[in-house]
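Student: I would like to learn how to read a model like this one. Can we go through it step by step?

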Amino acid sequence: MKEKLKELAGALLGYSVVAVVILAVIAAIAVVSGSIMRLFGFEYRSVWSIILFFIIVMIVGFPLEVLSSALPAVFADLGRCTQRQAVALYVIMDTLFSAVAMAVTDHFMDSVSASDLSILVISFLFAATSIKDFKEKLGKDR
């Protein structure tokens, strides 16, 4: 019985540490992104509002992120476009889908107010930072 309790306590502690690390990384990304967006008209009531905004954007945008990654890769695999065109399509789709997720989240959150320009800028920056990962995915699929 004691061994099971020790295993449970160890697992609980391990999961808690992982959850705290993940939340810290998300918080850091959210604060930096919120600071960049603030230059373009983003307003918020508290740091927690920024963090919550980006957590909700991640949840809302996940299905769209999968689509923006898969569709250009499928087009490239089918020979409908070149790798370069697939990357361009990925950047466009990822930027637009991230912007939609942020606009929807902004609409329903009273504690933040994001301008269209701030949403587009940060959406494009997110897409641009993930180009390398998308190119690697294209290379693995072939």
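Student: At what angle do helix α1 and helix α2 pack?

Tutor: This is a predicted model. Helix α1 covers residues 2-38 and helix α2 covers residues 47-77. The two pack at an angle of about 105 degrees, and their axes are 8 Å apart.

Student: How are α1 and α2 oriented to each other, in words?

Tutor: Angles of 65 to 115 degrees count as roughly perpendicular. α1 and α2 are therefore roughly perpendicular to each other.

Student: Which residues make the contact?

Tutor: On the α1 side they include Leu 23, Ile 26, Ala 27 and Ala 30. On the α2 side, Ile 50, Ile 51 and Phe 54 are among them.

Student: How many residues of the contact of α1 with α2 are nonpolar, polar or charged?

Tutor: The contact has 13 nonpolar residues, 2 polar ones and no charged ones.

Student: Take Ala 30 of helix α1. Is Ala 30 buried or exposed?

Tutor: A residue is called buried when its relative accessible area is under 20%. For Ala 30 the value is 0%, so Ala 30 is buried.

Student: Which residues is Ala 30 in contact with, leaving aside its neighbours within four places in sequence?

Tutor: Ala 30 then touches Ile 50, Ile 51 and Phe 54.

Student: Where in the protein chain is confidence lowest, and where highest?

Tutor: Confidence is lowest in helix α5, residues 131-141, with a mean of 84. Helix α3, residues 83-108, has the highest, at 95. For the protein chain, the mean pLDDT is 91, and 99% of the residues reach 70 or more.

Conventions
Residues numbered from 1 in each chain as written. Predicted model: local features only at pLDDT ≥ 70, side-chain atom pairs only at ≥ 80, totals over all residues. Heavy atoms only, no water. Axes fitted to C-alpha atoms, helices over the stretch in contact; angles between N-to-C directions. Helix = DSSP H or I, 4+ residues; strand = E, 2+ residues; numbered from the N terminus. Parallel < 35°, antiparallel > 145°, perpendicular 65-115°, else oblique. Contact = heavy atoms within 4.5 Å. Nonpolar A, V, L, I, M, F, W, Y, C, P; charged D, E, K, R; others polar. pLDDT = per-residue confidence, 0-100. Buried < 20%, exposed > 50% of the residue type's maximum accessible area, 1.4 Å probe, protein only.
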